[in-house]
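Here are my notes for you, in numbered points. Keep the model open while you read, and click on residues as they come up.

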Amino acid sequence: METFTYYPGCTLRTKAKDLDSYARSCAQALGIALEEPSDWQCCGGAYTTAKDEIATKLSAVRTLNAAKQAGNPLVTVCSACHNVIKQTNYDISNDEDMASKVNNYLKLDEAYTGETTVYHYLEMLRDVVGFDNIKAKVVKPFKGKKIAAYYGCLLLRPAKVLAMDDPENPVIMENFIKAIGGTPVIYAQRNECCGGYVTLEDKAQAQKRSSNVMNSAADMGADMIITACPLCLYNLKKNSGSDLPVYYFTELLAEALGLKEDTNE
Amino acid sequence: MNKNLKEQVLRSSGVNVLKCMRCGKCSGTCPSYDEMEYHPHQFVYMVEKGDIETLMKSDSIYKCLTCFACVERCPRGVEPAKVVEAVRLATVRQQGNNHLSPVQIPDMLDDDLPQQAIVTAFRKYAK
Ligand code: SF4
Ligand code: SF4
């Protein structure tokens with residue numbers, strides 16, 4: 001059994017409990033042990049790209065260092081946490097000045113310089129479990145279901161840093177959909193932003209963005225849309241005006257593996 | 001032109017604005033194009049000229065979604081979003097210049113709003 005240090009993040013503890021609980025039950029069923037660090041802090045939701053920002057990067061470094069101490073790779077399931085933690089890890093590895101300022105503040109027993117390998121949960125499914133192995137364990141395939149994968153902005157970009165998939169022509173979620181027996185739907189807006197945090201102060205902008213995404217998926221015949229991000233789920237459900245169902249990918253995985261009652265019929 | 005401000009933005013962003021060939025691809029792909037008074041390629045150009053105060057006063061700095069589309073699609077690797085971020089930081093780091101305050105939050109909440117939206121907005125809009 002492979003062991004990963006698992007970082008849930010703030011929203012999976014509250015509004016996105018489904019994303020979290022199915023991630024845990026599926027990992028167990030797939031032979032992956034997830035160990036949550038005893039204490040962790042919110043990643044901050046957005047990576048501050050500025051080179052002279054140090055304080056806003058510390059919580060991600062603490063998480064990365066917890067995995068290093070445990071001797072595990074780190075996995076996270078929320079697109080935003082994944083983005084923040086991978087970008088932090090990249091900068092700590094490549095920007096000596098930033099690494100030295102961060103370490104000067106944290107005073108760790110041993111400096112953290114980017115040793116931890118970070119996976120998004122989907123990468124763990126692809127690279128560690130293997131989509132073929134998932135397929136073999138599916139008891140309730142999504143046969144005949146047209147499923148649209150929504151990547152949004154944070155899961156793939158910047159590709160040089162996140163190194164997850166081709167940012168313009170990704171396949172990881174489509175291959176996931178095939179593994180659980182569904183038919184992937186390709187649509188133009190799958191890797192464009194949902195409006196993100198702007199929903200707080202500019203509803204109109206969030207409505208415009210999220211309805212573009214939903215209409216694009218619906219136009220291509222999607223029966224449902226899946227995401228890894230709680231904020232995408234919120235915008236697509238709440239701000240798009242569309243009634244296309246939106247689910248977390250972990251929810252569908254749990255259902256396919258027979259770990260959850262049907263919800264989408 | 002404010003030389004100190006320009007240097008601060010260049011250093012903070014880590015961007016070499018001279019690499020820009022003004023093709024406009026960043027702005028063409030920007031999902032906030034309609035909402036922004038100044039578009040990503042203009043941020044790059046205006047920072048090069050040192051015309052930063054104009055950008056700091058514009059609402060455009062709060063309209064960028066940090067979606068990294070411009071970063072990914074710029075054929076010259078300029079990374080315009082990092083310039084937008086540096087200009088926004090130069091603004092919100094000024095005393096009394098936060099764009100979002102905790103007292104505004106209760107009115108913005110609904111039952112489904114994820115925490116993520118709030119923490120991200122504070123990262124972007126306040127110091
Ligand atoms: S895409 Fe790049 S090179 Fe083209 S205008 Fe934008 S920053 Fe300049
Ligand atoms: S990161 Fe900001 S400026 Fe760049 S494309 Fe996205 S919204 Fe536009």
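1. Which residues have the most contacts inside the largest nonpolar core? They are Tyr121(A), Leu125(A), Phe176(A), Ile225(A), Phe249(A) and Leu253(A), in a core of 131 residues. Helix α7 (residues 80–92) of chain B gives the most to this core, namely seven residues. A nonpolar core here is a set of buried Ala, Val, Leu, Ile, Met, Phe, Trp, Tyr and Cys residues joined through side-chain atoms within 4.5 Å. Buried means under 20% relative accessible area, exposed over 50%, and partly exposed in between (1.4 Å probe, protein chains only). Helices (H or I, at least four residues) and strands (E, at least two) are DSSP runs, numbered from the N terminus.

2. Some housekeeping before we go on. This is a predicted model, where local features need pLDDT of at least 70 and side-chain atom pairs count only at pLDDT 80 or more, while totals for chains, interfaces and linings use all residues. Residues are numbered from 1 along each chain as its sequence is written, chains are lettered from A and ligands numbered from 1 in the order in which they are written, and side-chain values use heavy atoms, with hydrogens and water left out.

3. Leaving out residues up to four places away in sequence, Phe249(A) touches Leu19(A), Val77(A), His120(A), Tyr121(A), Leu122(A), Leu125(A), Phe176(A), Ile226(A), Thr227(A) and Ala228(A) (contact means heavy atoms within 4.5 Å). There is also a second, separate core of five residues, with Cys26(B), Phe68(B), Cys70(B) and Val71(B) among them.

4. Now helix α5 (residues 121–129) of chain A. Its buried residues are Tyr121(A), Leu122(A), Glu123(A), Met124(A), Leu125(A) and Val129(A). Just after α5(A) comes Gly130(A), with a positive phi of about 95°.

5. Why is α10(A) largely enclosed by the rest of the structure? Because eight of its 10 residues are buried. Those buried residues pack against α1 (17–29), α9 (203–219), β7 (224–227) and β8 (246–248) of chain A, together with α9 of chain B. Following α10(A) is Gly241(A), whose phi is positive, near 70°.

6. Look for the largest pocket, with a volume of about 270 Å³. Lys15(A), Leu233(A), Lys237(A), Tyr248(A) and Asp112(B) lie nearest its centre, out of 16 lining residues. α10(A) supplies the largest share of that lining, five residues. By class, the lining has eight nonpolar, no polar and eight charged residues. (Ala, Val, Leu, Ile, Met, Phe, Trp, Tyr, Cys and Pro count as nonpolar, Asp, Glu, Lys and Arg as charged, and the others, Gly among them, as polar.)

7. How is such space found? On a 1 Å grid over the protein atoms alone, a cavity is a set of points where a 1.4 Å probe fits but cannot get out, and a pocket is an open set with protein on both sides within 12 Å along at least five of seven lines; lining residues have an atom within 4 Å of a point. Grid points are joined across faces, edges and corners, and a volume is the space filled by probe spheres set on the points.

8. How many cavities of 30 Å³ or more does the structure hold? Four. The largest has a volume of about 210 Å³, and α3(A) gives the most to its lining, with four residues. The second largest cavity has a volume of about 110 Å³, and its lining divides into 14 nonpolar, two polar and no charged residues.
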